[in-house]
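Subject: Handing over the structure

Hi,

Here is the structure I said I would pass on. Have a look at it below, and then read on for what turned up in it.

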Amino acid sequence: PKILSNEIDIAITTSKPNNATLSSIAVYEDEILALMHRENPLTEKGYLDMDDFAKIHLIIHSFPLETVSVYERFLKPNKITPLKISAVPLTEVALEMVSANMGILCLPKWALKSLKISKDLAFKPISRHGIKRTHYLVFRTADKSKKYMHDFIANYMDSFSSVSR
């Protein structure tokens, strides 16, 4: 909506726009992982499945749930509701809660690279095949030929391609 209203020129999203006036370029794919304390019995599993989420305290960044990737892509389609859901907007506080074995936090793999993660924590894929999502640069199609837009996209792709690997 902010691109369409000219508030911003470009955005990074995890879904392709469904609007003929917008264009998108796939930038990279990442995976959502479940982060939990090593004492959590789920660490013995190779991955978390639907039934596991019905028994956990899920820590999310914020409501509404429709903005939470693990909910939209895994829990909602499978009609699973976690035992408890808490919104904790500060990642550092959420990590402390996981470190205290108070719940499970689902984060994209790329975000974990920049965080200081305790050795007491373990990562698990979500489902047998994992939850992967593609990130897109989204912009107005009419602006694609503008020099500043072309330069931004080219610089972003050059810079980000070396970082995301």
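In which sense do β3 and strand β4 pair, and over how many bridges? The two pair in the parallel sense, over four bridges, with β4 covering residues 84-87. Two strands count as paired here if DSSP finds at least two bridges between them. Helices (H or I, at least four residues) and strands (E, at least two) are DSSP runs, numbered from the N terminus. In β4, Ile85 is the bridge partner of Leu58. Together with α2, the strands β3 and β4 make a right-handed β-α-β unit. Right-handed means that, with the strands pointing away from the viewer, the path from the first strand over the helix to the second runs clockwise.

Two things to know before going further. This is a predicted model, in which local features need pLDDT of at least 70 and side-chain atom pairs count only at pLDDT 80 or more, while totals for chains, interfaces and linings use all residues. Residues are numbered from 1 along each chain as its sequence is written, and side-chain values use heavy atoms, with hydrogens and water left out.

Now the overall picture. The protein chain has five helices and seven strands, and along the sequence they follow the pattern β-β-α-β-α-β-α-β-α-β-β-α. Taken along the principal axes, the C-alpha atoms fill a box of roughly 55 × 35 × 30 Å. Of the 165 residues, 41% count as buried. Buried means under 20% relative accessible area, exposed means over 50%, and partly exposed is in between (1.4 Å probe, protein chains only). Among contacts with a separation of 6 or more, 79% come from residues 24 or more positions apart; a contact means heavy atoms within 4.5 Å.

On to the inside. In soluble globular proteins, nonpolar side chains tend to be buried together. A nonpolar core is a set of buried Ala, Val, Leu, Ile, Met, Phe, Trp, Tyr and Cys residues joined through side-chain atoms within 4.5 Å. The largest one here has 20 residues, and Phe53, Leu58, Val70, Cys106 and Ile126 have the most contacts inside it. The elements giving two or more residues to this core are β2 (22-37), β3 (57-60), α2 (69-75) and β5 (104-108). Of these, α2 gives the most, with four residues. Apart from this core lies another, of twelve residues, with Leu33, Leu95, Val98 and Leu112 among them.

Leaving aside neighbours within four places in sequence, Leu58 is in contact with residues including Phe53, Val70, Leu75, Pro82 and Cys106. Cys106 is in strand β5 and counts as buried because its relative accessible area is 16%. With residues up to four places away not counted, Cys106 touches Ile32, Leu33, Ala34, Phe53, Leu58, Ile59, Val70 and Ile126.

For the search, a 1 Å grid is laid over the protein atoms alone; a pocket is an open set of points where a 1.4 Å probe fits, with protein on both sides within 12 Å along at least five of seven lines, and lining residues have an atom within 4 Å of a point. Of the 20 lining residues, the closest to the centre are Ile60, His61, Cys106, Leu107 and Pro108. β5 gives the most to the lining, with four residues.

Finally, some loop details:

- Phe63 and Pro64 are joined by a cis peptide bond, with omega about 5 degrees; Pro64 sits in the loop between β3 and α2.
- Lys79, in the loop between α2 and β4, has a positive phi near 55 degrees. At 75% relative accessibility, Lys79 counts as exposed.
- Asn101, in the loop between α3 and β5, also has a positive phi, near 60 degrees. Asn101 is partly exposed, at 33%.
- Ser127, in the loop between β6 (121-125) and β7 (131-140), counts as buried at 17% relative accessibility.

Cheers
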